[in-house]
Structure formats: C-alpha cells, structure tokens
Amino acid sequence: MTEIAARASTAIGSLYRFFPTKDVLAAAVLERYGARLLHALDELVDRDPPLSPRDAAQGLLDIIQRLRTERSVVLSLLDSGITLPDGTGTLRKALIGRMSQLLSRLGGSPGPHDERAVMLLHLVKAIFALPQDHSLPRPAQDKEAITMLRLYLEHAAASRRSG
C-alpha cells in the first residue's frame, strides 16, 4: 500500500480512506479492468456493418495492445494471492459471452455452450501474455498475431455455420 501511494503521489491515509485493505483495492482494480475490457469488446462486436475476420482480428489485437499494461497489473494482483470476491468467474463468463457474440457476427449461430468462444478467449489471453520478442520487429509480431486470430475466426465462423 505504501508503494501504491508513492506511485500515485498521494498520502497513504488518503489511499486507505478509499481502499481500507489491499483486497478492496485489488477488487476495484479488477472491476475497472473488467469494465474497460468488456466495453472495448462491446464496441468491437457492435460495429456496423459486421466485421470481416481480418478486421475482427485487428480489433482484438488493438484491445490487447491498449490494455496490456493494465492487464499485467491485474495478473500481478491475482498472482499475489490476494483474496477477491468471486468477480473473476463472472468476468470470465462475460468474456466468453462477448467472444460468442463476436463469432455470431461473423456468421453462424451460437450454441448453449460455445466451445469456440472459449477457445477464442484462450487464444486472446495467450497473445496478451506474449512478451515482446526483440529479435522480431513489433509490426511483424503483430502481423503474425493478426494472422493467427484471423485464421481461427474464419475456422470458428465456418464450423458454426456447418454445425
């Protein structure tokens, strides 16, 4: 809490007034991150006209890049063993729902348990977790990530249509 107050250039007493414990602070950070992530996915899903798989892949990569720093903070909090209210399960469910909606916009209809949406979420999480490989220029790394996402989106949309 002392380090957080110092980085925020605020008195530790002010920090404790709004966040009496580390758990409350962690829950607030997770809630803010989840809201920003879901809002970004909603904007992507709701684009009109519906996106092509390539544009959807680019949109997902843009979200990953925009929230990368914030995500690393959230992961550090989760790895620290802080006790959170059961918001993480709710966030995961909401993320799977957004992935399912995105796949629906690309074609086909979702099932009650959409395994393609779960796999897309894992793929996005894996790309989020990739470190910057300094032997590969950033544009080349991004191009490969977009290709991977696009290929999966095309596959998932096609397999949804065929059942």
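Leu44, Val45, Arg47, Pro50, Leu51, Leu102, Arg105 and Leu106 line the second largest cavity. A cavity is, on a 1 Å grid over the protein atoms alone, a set of points where a 1.4 Å probe fits but cannot get out, and lining residues have an atom within 4 Å of a point. The structure is a predicted model, in which local features need pLDDT of at least 70 and side-chain atom pairs count only at pLDDT 80 or more, while totals for chains, interfaces and linings use all residues. Residues are numbered from 1 along each chain as its sequence is written, and side-chain values use heavy atoms, with hydrogens and water left out.

The second largest cavity holds about 30 Å³ of space, a volume being the space filled by probe spheres set on grid points that are joined across faces, edges and corners. Helix H3 (22–45) and helix H5 (87–106) each supply at least two of its lining residues; helices are DSSP runs of H or I, at least four residues long, numbered from the N terminus. H5 gives the most, with three residues. By class, this lining has six nonpolar residues (Ala, Val, Leu, Ile, Met, Phe, Trp, Tyr, Cys or Pro), no polar ones (those in neither other class, Gly among them) and two charged ones (Asp, Glu, Lys or Arg).

In total, two cavities of 30 Å³ or more were found. The largest has a volume of about 60 Å³, and its lining consists of Leu61, Arg68, Ile127, Leu130, Arg138, Gln141, Asp142 and Ala145. Helix H4 (53–79) and helix H7 (138–162) each give two or more residues to this lining, with the largest share, four residues, coming from H7. Here four residues are nonpolar, one is polar and three are charged.

An unreviewed UniProt entry lists residues 1–37 as "domain: HTH tetR-type". Over residues 1–37 the chain is 78% helix and 0% strand.

How confident is the prediction? The mean pLDDT, the predictor's confidence in each residue from 0 to 100, is 83, and 86% of the residues score at least 70. Confidence is lowest in helix H1 (residues 2–7), at a mean of 78, and highest in H3, at 89.

Notes: UniProt positions are given in the numbering used here, feature names are shortened, and annotations may be inferred rather than shown by experiment. On a 1 Å grid over the protein atoms alone, a cavity is a set of points where a 1.4 Å probe fits but cannot get out, and a pocket is an open set with protein on both sides within 12 Å along at least five of seven lines; lining residues have an atom within 4 Å of a point.
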